[in-house]
Amino acid sequence: MSQNHKKTFRFHYLIDKEFQLKFLAHYSLLFISGVLVTLGFLYWLNQSKYDGGAVFRLRQDAQTVFWKVENEDAAPSELKDKFVPREIYLPNYDHQLNMYTIQFDAVVTLSVLYLLLITVFSVFKSHKMAGPVFSIKRSLQRMASGEPIETIRIRKGDEFQELVEVLNEVIQKRVSDGSRK
């Protein structure tokens, strides 16, 4: 093989697309079902433990209330307590944010992040499996068609190292048996 072919080959992570995409689909379905179970559990928990909403948005218009404070400067004939006006923002009961809504947004955001991480992990992990499978399949096809047999070469860190070693022993025996005839 030429040096150029080795460089371009290493950057193609989808070698056996059908195998790798099926591998990715299985992990993704497992992950998505886990997310749905989590969301269902959060919904059930919210409906059974918290009666309705737990958090509300504040209104944008302030309400004036009067706070009772002690009047230290009061003369003996005046009341010792005075009322001071103060503006506060009350909850807006028309727009309810309950615990499920808050948890739903967080779970969906994290789930998308996890799905992206699983996708990247699956492509790289399946590459370590698909590369050797592809090499083994190619060598066996050459053997079946009667082409010259070469040993199977895979990268360090790839899966199926022992399988490749056994197949290389079979190839060596086949080559040595063929040269004796």
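Let's start with Tyr114, which is partly exposed, because its relative accessible area is 42%; partly exposed is the range between buried (under 20% relative accessible area) and exposed (over 50%), using a 1.4 Å probe and protein chains only. Keep in mind that this is a predicted model, where local features need pLDDT of at least 70, side-chain atom pairs count only at pLDDT 80 or more, and totals for chains, interfaces and linings use all residues. Residues are numbered from 1 along each chain as its sequence is written, and side-chain values use heavy atoms, with hydrogens and water left out.

**The aromatic pair with Tyr114**

- Searching the whole structure turns up two aromatic pairs. To pair, rings of Phe, Tyr and Trp (its six-membered ring) need centres within 6.5 Å; planes under 30 degrees apart are called stacked, over 60 edge-to-face, and the rest tilted.
- Phe31 and Tyr114 have ring centres 6.5 Å apart and planes at 85°, so they make an edge-to-face pair.
- This pair links distant parts of the chain, with Phe31 in helix H2 and Tyr114 in helix H3 (residues 99-145), 83 residues apart.
- Phe31 is buried, because its relative accessible area is 17%.

**The whole chain**

- You'll find four helices and four strands here, running α-α-β-β-β-β-α-α from the N terminus on. Helices (H or I, at least four residues) and strands (E, at least two) are DSSP runs, numbered from the N terminus.
- Of the 181 residues in the chain, 18% are buried.
- The accessible surface of the chain is about 14100 Å², and carbon and sulfur atoms account for 60% of that. Such areas come from the Shrake-Rupley method with a 1.4 Å probe, and for residues only the protein chains shown count as cover.
- Take the contacts (heavy atoms within 4.5 Å) with a separation of 6 or more: 65% of them are between residues 24 or more positions apart.

**Lys68 and its surroundings**

- Lys68 sits in strand E2 (residues 63-70) and counts as exposed, because its relative accessibility is 56%.
- Beyond its neighbours within four places in sequence, Lys68 touches Asp81, Lys82 and Phe83.
- The side chains of Lys68 and Asp81 form a salt bridge (3.5 Å, N to O). Lys68 is in strand E2 and Asp81 in strand E3 (residues 81-88), so the pair ties together parts that are 13 residues apart in sequence.
- Asp81 is partly exposed, at 32% relative accessibility.

**Other charged side chains**

- Side chains of opposite charge can pair when their charged atoms come close.
- The structure has six salt bridges, each a side-chain nitrogen of Lys or Arg within 4 Å of a carboxyl oxygen of Asp or Glu.
- One of them joins Lys22 to Glu18, with the closest N and O atoms 4.0 Å apart. These two are four residues apart in helix H2 (residues 17-49), so about one helical turn separates them.
- Glu150 and Arg153 form another, with closest N and O atoms 3.7 Å apart. Salt bridges with shared partners join Arg142, Glu150 and Arg153 into one network.
- Arg86 has its charged end over the ring of Trp67, 5.3 Å from the ring's centre. For that, NZ of Lys or CZ of Arg must be within 6 Å of the ring centre and within 35 degrees of the ring normal.
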